[in-house]
Amino acid sequence: MKRLGLILAVLAPLGLAACDEPVAQNRGVYMLMDTSGTYTDELRKAQQIINAMLTRLDPGDSFAVARIDTGSFSEKDIVAKVTFDDRPSMANKEKRQFRDTVGQFVKMVKPARYTDITGGILQASEYLNEKNTGKKVIVIFSDLAEDLQKGYMRDISLPLDGFEVIALNVTKLRSDNMDPREYLNRLTDWQRKVESGGGRWRVINDLDRIEKLSLY
Amino acid sequence: MPSYDIFSGGPGSVMTWITVVLLTVVALYLTRAPSHGAIQSLCRVLHAALRMASVSVFRAESRLGERNREVLLAAGREASEHIIEREFERMQAAVNRDLAECPTLQRHAHEQLKRIEEDHAQSTDVPPTPPGWAHAVEAVAAIPSKGDPMVANILDKIREALVEAQDKAREEYRTATRNRHQHLKNMLPHWRKLGQSLAQMDKNVGSLLHRAKVIDRQMDEYENILQNSDRAARMLSSSSLVQFFVSVLVLTIAIGGAVINFHLIARPMAEMVGGNNWIGTFKISDIAALVIIMVEISMGLFLMESLRITRLFPVISALPDVMRVRMIWITFAILLCLASVEAGLAYLREILLQDELATSAVLRGDKGAVFTSGFMWITTAAQMGMGFILPFALVFVAIPLETFVHSLRTVLGIVGAGLLRALAVGLRMLGGVMSHMGSVLVDIYDMVIFLPLWLERRVKAHGLTGRDEPAAFSAREVL
């Protein structure tokens, strides 16, 4: 009723609104999955998160899932990507295909030696900027412990203006248990890094309440 | 920040404030007379201005009231003419239908009467009397034969002939009586038919008399309206308010129907026009669904106009009958198409819903949860039925809409007149307050400078009475 009323209220200036530059209302979600040795076991959870996100995405939204490995700033690390068709029936088919692709990947994945999270975030921002979606969300399914191979330069600022970065299931390492400051510092460092790039930072560790993962 | 002794005479000290207050009081005392004059003049000006404004608003309210009355009476006159016109049309139809039967009924009655008359005439026929010679023959037959066998034989023959003649006469009499009774019996259905014909005529005449009474009543109302009587204006106003509230109620129900219709077709519309196209902050699929409903309502309006049930568009009412009938069929065909489209969309909605539920179940890994129950067709059929019926139901929105539009004019007029009256009363009250405000402000002014006034009074009293004590005076006199 409220929605109908609103539509009626704006019916008159619709003509003028149509002449304006169209504002993108769709959403873009880029999920980074940590495949380093310490985190591979958590990928089943990641698959469930992906499925939950798929149920919430609408026609026209873009979704990509990429792995975090030794060098993540690469298109080759994108496991599956899709921009859902405008028609809901086609979008449903694409969701099922996407789910199957991710399922195959989770079965076949091999642990990576190093963990290049920064490269993955850069790749995500590049992908979502290219898609030019109305809302840009980067989901990092990782323990956030970055481990770069020698020679990889990642000490750069992240261009995340207008992005929301959500860290999911940030597990505690054995060393974190010995010295919790490491874990807290790790979270603080990433928050600072994201916010200095213009992005918003959130951490969700309680995966039982996945509804907190609002994509709107 | 520098600090000052409050008695030192610096800025903010008590001495400074006392000095300022004293100087102000002296200044106010010295300018007392012109200040009083200015205050009184200002209040008089405000009073006069507010009164003028109040009078103007009252006049505007009066003009608006007159205008409302004219509009109301004009609308009432038009409606009354419309009703009388309809009543005359019905009367004409009744006269054509009922009175056209009168000659036939009359002929039937005449025929029945003729048959009754004939039957009656036949029933009154005198039965044949026994022959006159019977007594003579009887006397001859009674003559004794005196032993003569020939005479006895002749007399026996005569007696037999006499008995036979009597039997024959009795039989003829019975036959004649039976025929007469039969004629009387034949009259019964004719009587009944005649009674029925008369009852039918009575009914027809009664119906005409009833319609005549209705027309008389409408004519009385119409005459009242033509005479611009207060009674007619009050009745029309009251009727208009009732119509307004009833039409608002019905329109609210219709809006509810439109909302249900909207939700029924908004989702499947995304399949047709895309689910990710936006105009401003609204999905094109939602707007498309809304447009379909609006088109249906518009077609309903045109259909009602073409049927001459409503009169919102005089152009349509004035169309030639042939064109109007064509328009009826065209609008009905468009409505039928749209209703069919809606039924299809409702079916598509159900399919999409099932598909979405299945996809969600698959994504949740809940493969066993997807099943199709045997009664799902009821939901689908109900949705399709609603999709098909609601467009036709929305057609009837035209009737309350017309009433709403017509009564809204009256209601707005009444509300506007009420607001103007309230404003005029408010202005008049404010003007009254202003007229007294002058005296109050003068008194307050004098209260501020009561000290110099008191001294002045004392000095004047000394000047008049020497060293005598001044006479007691009221506070108002001091001020």
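A:N169 counts as buried because its relative accessibility is 7% (buried is under 20% relative accessible area, exposed over 50%, partly exposed in between; 1.4 Å probe, protein chains only). The model is predicted, so local features need pLDDT of at least 70 and side-chain atom pairs pLDDT 80 or more, while totals for chains, interfaces and linings use all residues. Residues are numbered from 1 along each chain as its sequence is written, chains are lettered from A and ligands numbered from 1 in the order written, and side-chain values use heavy atoms, without hydrogens and water.

The backbone of A:N169 has a phi near 50°, which is a positive value in a residue other than glycine. With a relative accessible area of 40%, B:N228 is partly exposed, whereas A:N169 is buried.

Chain A as a whole comes next. Chain A contains 7 helices and 6 strands, and along its sequence these follow the pattern α-α-β-α-β-β-α-α-β-β-α-α-β. Of its 216 residues, 49% count as buried. When contacts in chain A between residues at least 6 apart in sequence are considered, 78% of them join residues at least 24 apart (contact means heavy atoms within 4.5 Å).

The strands of chain A build an open sheet: 6 strands stand in the order β3-β2-β1-β4-β5-β6, and their pairing is mixed (two strands pair if DSSP finds at least two bridges between them). At the edges are β3 (78-83) and β6 (200-204) of chain A, each of which pairs on one side only. Direction ignored, neighbouring strands of the sheet are turned against each other by 15° on average (axes are fitted to C-alpha atoms, for helices over the stretch in contact, and angles run from 0 to 180 degrees between N-to-C directions).

Within this sheet, β4 deserves a separate description. On one side, β1(A) is joined to β4(A) by 7 bridges, and the two strands run parallel. In that pairing, A:R27 stands opposite A:K135 of β4(A). Strand β4 (residues 135-141) of chain A is also joined to strand β5 (residues 163-168) of chain A, here by 6 bridges and again in a parallel arrangement. Across this second pairing, A:I140 has A:A167 of β5(A) as its bridge partner, and A:F141 stands opposite A:L168 in β5(A).

The side chains of a regular strand alternate between the two faces of the sheet. In β4(A), both faces are covered: A:K135, A:V137, A:V139 and A:F141 on one side are buried, as are A:K136, A:I138 and A:I140 on the other. Because 7 of the 7 residues of β4(A) are buried, this strand is largely enclosed by the rest of the structure.

Helix α4 (residues 88-108) of chain A lies across β1 (27-34), β2 (62-68) and β3 of chain A, and runs at about 175° to β3(A).

Chain B has 13 helices and 2 strands. Buried residues account for 31% of its 479 residues. Of the contacts in chain B with a separation of 6 or more, 78% are between residues 24 or more positions apart.

One helix pair of chain B illustrates its packing. Helix α7 (residues 284-306) and helix α9 (residues 321-364) of chain B have axes that come within 9 Å and cross at roughly 155°. The pair is therefore roughly antiparallel (over 145 degrees; under 35 is roughly parallel, 65 to 115 roughly perpendicular, the rest oblique). From α7(B), the residues making the contact include B:I292, B:V295, B:M299 and B:L303. The α9(B) side of the contact includes B:M327, B:I328, B:F332 and B:L335.

B:T380 is buried, as its relative accessible area is 13%. Apart from neighbours within four places in sequence, B:T380 is in contact with B:Y347 and B:E350.

Notes: Helices (H or I, at least four residues) and strands (E, at least two) are DSSP runs, numbered from the N terminus.
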